[in-house]
Amino acid sequence: MEELRDLLVPVGVEESKRPTVSIRENYQGEVEVTGVTERRVDSLSEMANCLSTGSRCRTTSSTKMNDESSRSHAIFSINIEHNHGEDEVTTSKFHLVDLAGSERAKRTGTE
């Protein structure tokens, strides 16, 4: 069974106290993820810090090819808003996706 986890929740938080993360379709037919941490950042360094924090919380293990191989997928979503004036706002959305298991299982020694 697949498990969804918010990688921005601190590592020491008990599993029972973590928010429930789910993927669902809203009433407009759009796919949304609920129960995840959203942080407002005002600089590139603050955004990089969030990405670094989430990366450190990923599940990893060693393989024959890599001492610290990711054993989980990760999605880091970035929403950008730029205010051009009182009535004009440009928004953009990026999803950075890292898929685990890109190595061949036979070569890595994973099961």
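I take helices (H or I, at least four residues) and strands (E, at least two) as DSSP runs, numbered from the N terminus. This is a predicted model, where local features need pLDDT of at least 70, side-chain atom pairs count only at pLDDT 80 or more, and totals for chains, interfaces and linings use all residues. Residues are numbered from 1 along each chain as its sequence is written, and side-chain values use heavy atoms, with hydrogens and water left out.

Entry 1, the fold. I found two helices and six strands. Along the sequence they run β-β-α-β-β-β-β-α.

I located V36 in the loop between β2 (31-34) and α1 (44-56). V36 has 34%, so V36 is partly exposed.

The protein has 111 residues, and 18% of them count as buried.

Side chains of opposite charge can pair when their charged atoms come close. I looked for a side-chain nitrogen of Lys or Arg within 4 Å of a carboxyl oxygen of Asp or Glu. How many salt bridges are there? I counted three.

- R18 pairs with E15, with the closest N and O atoms 3.7 Å apart. R18 is buried, because its relative accessible area is 12%.
- E32 meets R24 at 3.5 Å, N to O. E32 is partly exposed at 27%, and R24 is partly exposed at 46%.
- D42 pairs with R40, with the closest N and O atoms 3.2 Å apart. D42 and R40 are both exposed.

Methods
Buried < 20%, exposed > 50% of the residue type's maximum accessible area, 1.4 Å probe, protein only.
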